[in-house]
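Have a look at it first, and then read on.

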Amino acid sequence: MIPTLQLLLVYHSSGDGIERVVAYASGLPRRTHSELGQTWDFLSLRAITVRDWPSAASATEQAIRYEPSPRLLIMRGVANINVRDYAKARDSYLQAIQKSPRSSEAWLGLAGAGAYLGDSALRDTALARLSRLRPPETARRLAQRFQTEFPEVYPGTPSF
Amino acid sequence: MPSAAASTSNLQQGSERNRALILTALGLLLLRGLLCFDRTMWLWGLNTQRFLPPALGWALWSIWAAACHARIGAPLSEWLAKLGAALRERAVARVGFSLVAALLVFVLEDRTWFIGDFLIRRQGGSITFSGSFLQAMPLEKFLFSRVPLQLSNFVPAAMFYRLIDAASAFALALAAIRIGRSIEGNTVFTALTAITITFGGHLLVATGLGKPAAISCAFVAAAASFVAPRRMSWSSLAKCGVAVALAIVFHRSGWLLLPCWIVALIQTARAQGLTRDARGVRHLAAALLPLAAMIAAARETWSILVEYDFQHHLGGQPTIGPGEWWTLSALPLRATDLLNLALLLLPSLPLLEKKTGRRRGRGGCLRSRLRGSSRCWSFVPGRASFETWTCSRPPESRSRLSPVSRSAGQHRRPNSSGGRASSRWPR
C-alpha cells in the first residue's frame, strides 16, 4: 500500500514525476537508442504542452540527437524563440526546411526568427517561399494554425 | 484431519517459509530506503521514494517500517480485524472502503503523463491523429472518443477520464472485498485480501496507464470475485460470464480471462449439474455469454492483432531498434517481457495441470490445491511475521479456514512459536 501511495504521489506531482523520467533517460543504466529517443520526445512534447520553455529547449535538444525529425526541429525552434535564443531557432528551422522543404510551419518559423534577429532579408525570403507553397490554401491554413497555437513564433501578423 | 506428525511437518515448513517471507519483506523495506541515496536508475521500480520530498517519503517509509514492530503492529492487527469484520457485515463499510480507493484515484491524478495516452486523457476525442485509437475495439472508441466529445459542453475530457478511472477503482475495490469475504474465517484475512488487491499497485493503472487499463482491471477483479466462492453456483458463474463477455468486447486482453471462465464453467457443471427451470436457463445463458462476445469481437480483435500487435511485438515495426535486442541493457527487459507473459497466462495453469494430471492418471498437487484447498499468506503486523493458512474445504459444520498447525481437537495459532504468538494474536 505504501509503495502504491508513493508512486501515486510522485506521478501526481509533475515536478517529481518529470524528475524521475529525466533520471530514467539520463542516468545509468544507459537505455537503448530508441527508448532514449522516445523518452526525450515525450519530455519535449510535455514541456511544450505546459509551456515550460526552458525545459522544452533542453529536451528538444536531447531528442534531436536521437531522431532529428522535422517535427522535433520545429519544436526546438518554437522553444528557442520562447527562450529568446533566436539564432538557434533560425538554425533549427533551416534544418527542418532541409528535411522537409514543404513545411509551412518551418517557413513561418524561419520568417519569425529572421524578424526577431532583425534580418529582414531572411524574413521576406521565408515569407515569399511560404506563399509559393502548393496548394496555397493548405499552406496558409497550416501556417495560421501554427501561429494561433504558438503566437510568439512570429512577431505581429505575417503578410503572405 | 492431518496427523500430529504431518501437522508438525507443516508447522516446520511454515516456519521456514515465514522466515523467508519476513526477510524478503524487510529486505524490500531496507532496499527501498537505501535506494533513496543511489543516483543510478538500475532499480528504478524500487526507488520511487527518492523523487518524493524527503519528509513525505520518509514519513510514509516510517509508517511501513513501524508496522513491522510488535508494539505498533498489534493495534494495527486489531484494527485490521475490525475492518475485516465491518467489510463482512456492513454494506456501508464496503462502500466507504471502495470510496477511499476511488477518491485516491480522483484526487491524485497523474500529472506527469509519462505513461499512457496523456494527450487523449487531457483533450478527449477532440484530439485526432493517426494511431489515436489504432488498437481500440468499438466499445472503447465509443467510450473514450464519442462520449467525451458529446459531453464536452458539460464535462471537460480530463474530468470525464478521471471520473471513469475513479468509478473503475470503486468497482475494483468492491470486487476485492467480495474476494476477501468469499473466504470464511479470520476477519484479518478479509481485510488484508481487500487491501492487497485494491491498494497493492492496481490503483496505479487507474491514473496514468492506457485508457482501457483501469476498466479492464476492474473486469478482471469482478470476474475473479464471482468465481472466488468455494461452492460455485450457476448464479455466480452467470455474473462471471457477463464480466468476461464485457471484457472481451471492451478490449482484446479480455480473451485472457477465458481459461479462468472455462475452469469455472467445468467446475460448476460438475458440482451443480444442469438445471432446467427458467431461472437456471437464464443463468446458463448468461454464463455462456463469453461465447457470443467472442463471436462478436473475433473479427475486430483479429484485425488489431494482425495490423498492430504482430507487427509491433513480433517483428516488422519493433519498438526496440535493430541490433538492440541482445544488448546487455535490453536483455533484462526481454526477460521481464517473458515473465509478464507468463504472469498473463497464469489463469491457464489449471487447464494445463488438469491435462497433465489426467495423462498421469492422478490428480496433481496444483489441482488438489485449486479444488480442495488454497494456500494463502497474510502478513500479520502484530507479530511482524507472515502467517501461513490453509483454506481447506472442511465439513460444512465447521469453519472453512483452518491454520496449518491445527491438529485434532486443538486450535493453535498458525506457526506459533510457543506461547508468544497466541498472546499477540488479535482477539
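Chain A has 9 helices and 0 strands, where helices (H or I, at least four residues) and strands (E, at least two) are DSSP runs, numbered from the N terminus. Reading along the sequence, you get the pattern α-α-α-α-α-α-α-α-α.

Before going further, some housekeeping. This is a predicted model, in which local features need pLDDT of at least 70 and side-chain atom pairs count only at pLDDT 80 or more, while totals for chains, interfaces and linings use all residues. Residues are numbered from 1 along each chain as its sequence is written, and chains are lettered from A and ligands numbered from 1 in the order in which they are written.

Of its 160 residues, 46% count as buried (20 or more other C-beta atoms within 10 Å of a residue's own; exposed means 12 or fewer, partly exposed in between, with C-beta atoms placed from the backbone).

Chain A splits into domain 1 (1-67) and domain 2 (69-160), with bounds from an automatic or database domain assignment. Their centres, taken over C-alpha atoms, are 27 Å apart. Where the two meet, these are the residues in contact (C-beta atoms, placed from the backbone, within 7 Å):

| Side of the contact | Residues given |
|---|---|
| Domain 1 of chain A | 12 residues |
| Domain 2 of chain A | 10 residues |

On the domain 1 side, helix 3 (33-49) and helix 4 (53-66) of chain A each give two or more residues. Helix 4 of chain A supplies the largest share, 8 residues.

**A helix in chain B**

Now for helix 4 (residues 91-107) of chain B. Its 17 residues should span 24 Å at 1.5 Å a residue, and its end C-alpha atoms are 24 Å apart, which agrees; the expected span is 1.5 Å times one less than the number of residues.

Which residues of helix 4 of chain B are buried? They are Arg94(B), Phe97(B), Ser98(B), Ala101(B), Ala102(B), Leu104(B) and Val105(B). They cover an arc of only 155 degrees around the axis, so they sit on the same side of helix 4 of chain B; the arc is that of the directions from the helix axis to the C-beta atoms. The face turned away from that buried side carries the exposed Val92(B) and Val107(B). The cover over the buried residues includes helix 1 (2-12) of chain A, along with helix 3 (70-89), helix 7 (157-182) and helix 8 (187-199) of chain B.
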